[in-house]
Amino acid sequence: MPVSQGRERPLTVHDLNQLLLVCSLVLLVAVAAVRISSRSGLPSLLVYMGIGVAMGQDGIGDIKFDNAELTQVIGYAALVVILAEGGLGTKWKEVKPALPAATTLALAGVAVSVGVTATAAHYLTGLEWRQALIVGAVVSSTDAAAVFSVLRKIPLPARVTGTLEAESGFNDAPVVILVVAFSHAGPIEHWYVLVGEIALELAIGAAIGIAVGFLGSWGLRHVALPASGLYPIAVMAIAVVAYAAGALAHGSGFLAVYLASMVMGNARLPHWPATRGFADGLGWIAQIGMFVLLGLLVTPHELGDDILPALVIGLVLTMIARPLSVVLCLTPFRVPWQEQTLMSWAGLRGAVPIILATIPMVGGVEDSRRIFNVVFVLVVVYTLVQGPTLPWLARKLRLGEDAEAAADLGIESAPLERLRGHLLSVTIPEGSKMHGVEINELRLPAGAAVTLVVRDGKSFVPLPTTVLRRGDELLVVATDPVRDAAERRLRAVGHGGKLAGWLGTNGEGPGS
């Protein structure tokens with residue numbers, strides 16, 4: 001097809017086919033890279049960025065890509081999906097005790113980190129104060145994708161996991177506000193005005209996120225959709241609504257999407273395992289796309305002059321700024337020094353700082369390309385150092401030995417609208433204390449009963465004296481009024497065994 005003079009050649013079906021081929025090959029390589037990274041201990045985000053660099057203008061692909069604005073837009077969209085997936089997987093019972101400490105670390109800790117890092121960037125590397133403040137703000141945010149992916153593979157105490165997960169979900173919001181403010185063309189008039197704006201945006205985002213989460217949960221629990229595959233789509237759509245509503249109301253959309261997802265993730269939604277699997281898959285796609293695009297945006301031959309400044313700033317951030325913020329914020333909560341040490345080292349950086357580094361590029365800030373290069377090198381080097389050594393440090397500090405709790409049941413609920421009831425599909429995992437319990441010892445409420453057991457691929461109708469085994473799948477029918485009580489009882493037995501009622505186990509677990 002001829003190209004019109006003065007216009008770009010229109011996209012053809014052949015171009016689309018080539019694009020689809022490249023994208024599918026990149027996804028397949030990235031999926032294979034997950035296996036490689038899990039065996040080698042190399043963080044997968046570095047592998048994804050390496051794919052982008054290899055495809056870029058200094059690599060074998062020779063793709064010239066320098067659209068920072070497009071990268072920022074796609075990065076924001078990917079971050080929304082990642083925060084939604086992280087919120088859906090955050091257990092309220094772990095976050096609740098750690099919420100004050102995590103909030104303090106996400107707000108006051110960010111302020112301490114920005115101040116220390118910006119000062120070092122100015123005096124040690126010669127950056128102007130504005131550029132130094134931008135760098136300090138950009139790298140002060142722990143990355144939700146990195147934290148979620150690493151911590152859930154390490155058996156840590158619930159307080160440590162809850163604090164780090166909540167912090168990584170909360171601190172994106174204030175950091176984004178700071179980076180936008182520092183990248184603004186005019187000077188910042190008064191620091192207390194900026195603090196007030198941050199507080200207002202966080203309050204608006206939190207209110208909208210919690211409201212959308214509760215309304216969405218209520219709707220999904222009371223409306224029987226015609227297909228189970230619609231529930232995961234609806235959950236992710238509600239999470240995106242929370243982000244958009246928060247942003248349009250001049251609040252923090254990132255905080256809104258995380259809180260809305262956390263509310264839904266702890267609301268016992270129908271078809272929950274399918275929803276978690278769908279969200280997990282979308283999260284992987286978002287991470288792969290985001291990291292590959294960031295790898296494309298970087299120009300490796302331009303990084304030489306920025307390696308030393310990045311190493312210096314990263315050293316100050318890792319060894320001084322992060323530990324200082326952790327000590328100042330967590331000591332009042334009487335957090336043991338072992339946990340403080342681990343949380344100081346677990347301040348993982350990933351794609352979020354690199355995405356935030358595109359904000360000054362889009363805003364036309366002087367030396368913004370250098371800021372991006374410094375942040376890119378810093379993230380790559382210190383992720384390579386911190387990620388693989390985190391499990392080793394946890395073992396040295398003896399924080400992972402007694403962290404394994406009884407495995408939680410996998411419970412999927414399908415509403416039976418016409419029958420005014422619910423069909424619960426229960427999977428008994430390894431480590432569940434439901435192993436060895438008889439059917440009659442479950443003591444389900446009146447109106448709920450185990451109707452079928454699937455064991456070793458064979459199904460049978462159980463007797464009251466049938467002993468349950470790990471790996472069994474149960475079908476439990478419950479009337480609408482006792483549905484919640486039946487699930488609470490099942491989770492209680494899964495955590496505390498047949499004596500759960502007397503031992504004080506309340507049955508609260510993931511998805512509760």
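This is a predicted model: local features need pLDDT of at least 70, side-chain atom pairs count only at pLDDT 80 or more; totals for chains, interfaces and linings use all residues.

Reader: Fine. How far apart are N and O in the salt bridge of Arg491 and Glu487?
Author: Their side chains meet at 3.0 Å, N to O.

Reader: Where do Arg491 and Glu487 lie?
Author: Both lie in helix H18, residues 483–496. They are four residues apart, about one turn of the helix.

Reader: Buried or exposed, Arg491 and Glu487?
Author: Both are buried.

Reader: How many salt bridges does the count come to?
Author: The count comes to 10 by this rule.

Reader: Give me another. What does Glu167 pair with?
Author: Glu167 forms a salt bridge with Arg322, and the closest N and O atoms are 2.7 Å apart. This pair links distant parts of the chain: Glu167 is in helix H7 (residues 158–170), Arg322 is in helix H13 (residues 307–330), and they are 155 residues apart.

Reader: Why does Glu167 count as buried?
Author: Because its relative accessible area is 2%, and buried means under 20%. Arg322 counts as buried too, at 4% relative accessibility.

Reader: And what about Asp472, which residue does it bridge to?
Author: Arg455, with the closest N and O atoms 2.7 Å apart. Asp472 sits in the loop between strand S4 (458–460) and strand S5 (473–479), and Arg455 in strand S3 (residues 448–455), so the pair ties together parts 17 residues apart in sequence.

Reader: New topic. At what angle do H10 and H11 pack?
Author: About 150°, with their axes 7 Å apart. H10 covers residues 230–248 and H11 covers residues 253–265. Their crossing is right-handed.

Reader: Which residues meet there?
Author: From H10, they include Val235, Ile238, Ala242 and Tyr243. On the H11 side, Phe254, Val257, Ala260 and Met264 are among them.

Reader: What's the contact of H10 with H11 like by class?
Author: It has 11 nonpolar, three polar and no charged residues.

Technical notes:
Residues are numbered from 1 along each chain as its sequence is written. Side-chain values use heavy atoms; hydrogens and water are left out. Axes are lines fitted to C-alpha atoms, for helices over the stretch in contact, and angles run from 0 to 180 degrees between N-to-C directions. Helices (H or I, at least four residues) and strands (E, at least two) are DSSP runs, numbered from the N terminus. A crossing is left-handed if the near helix is turned anticlockwise from the far one by less than a right angle, and right-handed if clockwise. Contact means heavy atoms within 4.5 Å. Ala, Val, Leu, Ile, Met, Phe, Trp, Tyr, Cys and Pro count as nonpolar, Asp, Glu, Lys and Arg as charged, and the others, Gly among them, as polar. A salt bridge is a side-chain nitrogen of Lys or Arg within 4 Å of a carboxyl oxygen of Asp or Glu. Buried means under 20% relative accessible area, exposed over 50%, partly exposed in between (1.4 Å probe, protein chains only).
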